[in-house]
Amino acid sequence: MLTVCLAGTGGTLPLSDRWLTCCWIEDGGKAILIDCGEGTQIALKQAGCKLSHLEMLLLTHFHADHIAGLPGLLLTLGNYGKTTPLTICGPKGVQDVVQSLLIIAPVLPYPLVFQELSAENAGFSCWGDVQGSCIPLSHGVPCLGYRIDQHRKPIFNPQKAQALGIPPKLFGRLHSGQPVTLADGREITPDQVLDGARAPVSLCYCTDTLPIPEIARFAQGADLMIAEGMYGEDTMREKVQEKGHMLFSDAARLAGEAGAARLWLTHFSPALEHPEDFIDGIQEIFPDAVVGTDGMRIVLGQKTDTK
């Protein structure tokens, strides 16, 4: 299961009632953070995210509203007692950019590990069964969209196991893909008690970008798609196109083309005071669209996903 928290939903600059866009993804006490604008460590604390769990930081691009909070976050992690490595991934040049920001935070009690990502180097491992990938977006500067997939064990059929006389204490080993030998000498292989593969639990996150068709292919079948919507009105199209952004309707259309289960809109312009006013029209395009709010969360991968 993946716990996803949209700790902030703002674009450009933080507001008194809206933190800058960032996303927290956690599984088994380990967490990933996507982007780190001003005040992100406060947004995460208010949202109930445990900074001590942070293992990996994914940067979409190097604009200030996505990275300016990085020195403060890194110092806060040190103050929380972090000593294990923090992996920081991002577009080409990520190490140089981060190290330039660390002029004001030169001593950290834990090592930083950097990984440059690109179309040619798009896959990365998070931990265990959690894997990541990225695609280049269209924003005028190098910018990446991210997908996180948690691969799940095949479906275990206890009826098949019971019919074969397998003791329940051996179910776990078979479900993990290991053969077992019974007391009567029979060897049982996992394929004898499994009912096939399950789709991974998937999250797709794309901001800042024009609505390029590659996004729909990248987000195909995602349990949750989080995408920017700078404005709710289509009359703002020319303005967002000039700056390399999307409207609510763009994100909704892409979510539909991707066959995503649900869409969270985020990265709202500071001028958009009430993004919820536009949701009815967007739900006509994609019924499972929701306007993001700071701190909203969901657990993906349960029999019934909980919000």
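Start by selecting S2 and S3: five bridges join S2 to strand S3 (residues 30-34), and the two run antiparallel. Keep in mind as you go that this is a predicted model.

Zoom in on that pair. Glu 26 stands opposite Ala 31 in S3. Then follow the chain through the turn: S2 and S3 make a hairpin with two residues between them, and Gly 28 in the turn has a positive phi of about 60°.

For a landmark, pick Cys 5, which stands opposite Trp 24 in S2.

Next, show the side chains of S2 itself (residues 22-27). Is this strand enclosed or open to the outside? Six of its six residues are buried, so S2 is largely enclosed by the rest of the structure.

Time to jump along the chain. Select Ile 215, Met 225, Phe 248, Leu 263, Leu 265 and Ile 282: of the 30 residues in the largest nonpolar core, these touch the most other members. Colour the elements that give two or more residues to this core, among them strand S12 (201-206), helix H7 (214-218), strand S13 (224-228) and helix H9 (248-258). H9 gives the most, with six residues.

Last stop: centre on Ile 215. Leaving out residues up to four places away in sequence, Ile 215 touches Ile 135, Leu 137, Cys 206, Thr 209, Leu 210, Met 225 and Leu 254.

Definitions and conventions. Residues numbered from 1 in each chain as written. Predicted model: local features only at pLDDT ≥ 70, side-chain atom pairs only at ≥ 80, totals over all residues. Heavy atoms only, no water. Buried < 20%, exposed > 50% of the residue type's maximum accessible area, 1.4 Å probe, protein only. Helix = DSSP H or I, 4+ residues; strand = E, 2+ residues; numbered from the N terminus. Pairing = 2+ DSSP bridges. Core = buried A, V, L, I, M, F, W, Y, C linked by side-chain atoms within 4.5 Å. Contact = heavy atoms within 4.5 Å.
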